[in-house]
Amino acid sequence: MSQLTRSDLWSLEEYASRRSQFRAEMIAHKRLRTVHLGTSVTLLFEDEKTVRYQIQEMLRIERTFESAGIQDELDAYNPLIPDGSNLKATMLIEYPDPQERAARLREFKGIERQTWVRADGFEKSFAIADEDLQRENEEKTSSVHFLRFELTAEMRAALKAGAALGMGIDHVAYHVEIDEIAPETQASLVTDLA
């Protein structure tokens, strides 16, 4: 997968005219790339389209049109695009009640490193988490993490040939396992693999 450059982005004016349609397309696209692990953890698998949308939205919100600011956004978000040997996801830990969320984040320390994907017939591939900055401290984990799942050439070939893609979390305070994600989600994620 290639990295986005300034030439891949719309100007603020052009994005304003395209935003409504692009947003509708992205909602449908993200739905295909979302996996719920239990009731409180969601993985949104990133790709060039989701990253482009995020950058366009950040530029719009911040009214950024100068080259340096645009490049800062590209530098911040381009690492979320898979490179063909991996899947990359934003992990969201979601509890509506702030007190319950705070308690769970204390219990869930390390959950991001206990999250995995697996091609049927292969070992689990555990996440490499938060390479950009540390999101966990001595007291709690964060409610948002960025994960990278490295897959061997054999795993990628198996998934592209139709082997089931499973996912889960092996944390002592939060355990969930999905043997096979939805076929339409797997079909979308396999496009990330070389």
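How many bridges pair strand β4 with strand β8, and in which sense do the two strands pair? Strand β4 (residues 115-119) and strand β8 (residues 165-171) are joined in the antiparallel sense over five bridges, where two strands pair if DSSP finds at least two bridges between them.

## Basis of the description

This is a predicted model, in which local features need pLDDT of at least 70 and side-chain atom pairs count only at pLDDT 80 or more, while totals for chains, interfaces and linings use all residues. Residues are numbered from 1 along each chain as its sequence is written, and side-chain values use heavy atoms, with hydrogens and water left out.

## Overall form

The chain contains six helices and nine strands, these being DSSP runs numbered from the N terminus, with helices (H or I) of at least four residues and strands (E) of at least two. The radius of gyration is 17 Å, which agrees with the value near 16 Å that a compact globule of 194 residues would have; this radius is taken over C-alpha atoms, and the globule rule is 2.2 Å times the number of residues to the power 0.38. Along its principal axes, the C-alpha trace spans about 50 × 45 × 25 Å.

Of the 194 residues in the chain, 47% are buried, a term that means under 20% relative accessible area, as against over 50% for exposed and in between for partly exposed (1.4 Å probe, protein chains only). Among the contacts in the chain with a separation of 6 or more, 69% come from residues 24 or more positions apart, a contact being heavy atoms within 4.5 Å.

## The open sheet

Strands β4 and β8 belong to an open sheet of four strands, which follow the order β5-β4-β8-β9 with antiparallel pairing. Because β5 (125-126) and β9 (174-178) stand at the edges with a single partner strand each, one side of each is left without a neighbour in the sheet.

## Pairings of β7

Strand β7 (residues 144-150) pairs with β3 in the antiparallel sense over seven bridges, and in this region Met 91 stands opposite His 145 of β7. Strand β6 (residues 128-129) also runs antiparallel to β7, to which two bridges join it, and the bridge partner of Ile 128 in β7 is Arg 148.

## Helix α6 and its cover

In helix α6 (residues 183-190), the buried residues include Thr 185, Gln 186, Ser 188, Leu 189 and Val 190. Among the elements that cover the buried residues of α6 are the helices α1 (12-32) and α5 (153-160), together with the strands β1 (34-37), β2 (41-45), β3 (86-93) and β8.
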